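Subject: Structure handover

Hi,

Here is the structure for you to look through. Please open it first, then read my notes below.

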Amino acid sequence: MTLTIQSYSGSDATPFFGDLARLRSTVFRAFPYLYEGNPDYEQTYLSTYAKSEGSVFVLAIDRDQVVGVATGTPMAGETEEVKRPFLEAGLDPAQFFYFGESVLLPEYRGQGIGVKFFGGREAQAKKLGLRYATFCAVERPADHPRRPADYVPLDAFWAKRGYTHHPELRTTFTWRDLDDTVESPKPLSFWIRDLSA
């Protein structure tokens, strides 16, 4: 395996958008996201992210194939769904760097790539002078019918990276689950790390 981790700022990642859209749609089909991808939406989403000032794409590339990606952007430029919980809690979004997603093909997991994804995004946050890094994770019931018997939540991995769960900071995103015919809101809660600590 000849794998490299490379960070790209904003529109510099545009040549990879086709690969990234397919990767997101593939990985997010699995539990807990169960996302029924839409190629047109993916291209629009990635383009919007690329135009966000200060955004970063951290890519894992094996030879010439993109096998993973992690994104981040200053929260100040994010959507109302992302900022609202922080504003309601009296927290200033301008102090936060928001991690959009971290997706990696299954055969590449457990090799330290996820750690490098966090490191690349945190480096961008520090470069921009932002104090906090944050992301949100979907919450599914323990008895969800699509929950695999061997499913292990990433909570311990995130905690080991220095992130603290803040269940009081909650939002909802809307997408269409596998097997569903319509979109529905999904609950998510945030994790935060103080990068100055």
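Helices and strands here are DSSP runs, numbered from the N terminus: a helix is H or I with at least four residues, a strand is E with at least two. The model is predicted, so local features need pLDDT of at least 70 and side-chain atom pairs count only at pLDDT 80 or more, while totals for chains, interfaces and linings use all residues. Residues are numbered from 1 along each chain as its sequence is written, and side-chain values use heavy atoms, with hydrogens and water left out.

Most residues other than glycine have a negative phi, and most peptide bonds are trans. Here are some spots to check against that.

P32 sits in the loop between α1 and α2. The peptide bond that joins F31 to P32 is cis, with omega about 10°.

R63 is not a glycine, yet its phi is positive, about 60°. Look for R63 in the loop between β2 and β3. R63 is exposed, at 63% relative accessible area. (Buried means under 20% relative accessible area, exposed over 50%, and partly exposed in between, with a 1.4 Å probe and protein chains only.)

D179 is another residue other than glycine with a positive phi, near 75°. The loop between β6 and β7 (184–194) holds D179. D179 is exposed too, with a relative accessible area of 62%.

G90 follows α3, and the phi of G90 is positive, near 80°.

Start with α2. The helix has 13 residues and spans 19 Å from first C-alpha to last, close to the 18 Å expected. (The expected span is 1.5 Å times one less than the number of residues.) Which residues of α2 are buried? They are E42, Y45, L46, Y49 and A50. Seen down the axis, the buried residues of α2 fall within an arc of 135°, so they line one face of the helix. (The arc is that of the directions from the helix axis to the C-beta atoms.) D40, T48 and K51 are exposed on the other side of α2. The cover over the buried residues of α2 includes α1, β2 (56–62), β3 (65–74) and β4.

Now α3, residues 80–88. V82, P85 and F86 are its buried residues. They take up an arc of only 95° around the axis, which puts them on the same side of α3. L87 and E88 are exposed on the other side of α3. The buried residues of α3 are covered by parts including β4, β5, β6 and β7.

**The core**

A nonpolar core is a set of buried Ala, Val, Leu, Ile, Met, Phe, Trp, Tyr and Cys residues joined through side-chain atoms within 4.5 Å. The largest one has 54 residues. Which residues have the most contacts inside it? They are L20, F57 and L59. Leaving out residues up to four places away in sequence, L20 touches L46, F57, L59, V66 and V69. (Contact means heavy atoms within 4.5 Å.)

**Aromatic rings**

How many aromatic pairs does the structure hold? There are 23. (Rings of Phe, Tyr and Trp, taking the six-membered ring of Trp, pair if their centres lie within 6.5 Å; planes under 30 degrees apart count as stacked, over 60 as edge-to-face and the rest as tilted.)

One of them is Y33 with W175: tilted, 6.0 Å centre to centre, with 35° between the planes. Y33 lies in the loop between α1 (17–27) and α2 (39–51) and W175 in strand β6 (residues 164–175), so this pair ties together parts 142 residues apart in sequence. Y33 is partly exposed, at 23% relative accessibility. W175 is buried, at 9% relative accessible area.

Another is F96 with Y132: stacked, 4.7 Å centre to centre, with 20° between the planes. F96 lies in strand β4 (residues 96–104) and Y132 in strand β5 (residues 132–138), so the pair joins parts 36 residues apart in sequence. F96 is buried, with a relative accessible area of 4%.

Ring pairs also link F97, F99, F118, F135, F157, W158, Y163 and W191 into a cluster. R121 lies over the face of F99, 4.1 Å from the ring centre. The charged end of R121 also sits over the ring of F118, 5.0 Å from its centre. (A charge sits over a ring if NZ of Lys or CZ of Arg is within 6 Å of the ring centre and within 35 degrees of the ring normal.)

Best wishes

Key
The expected span of a helix is 1.5 Å times one less than its number of residues.
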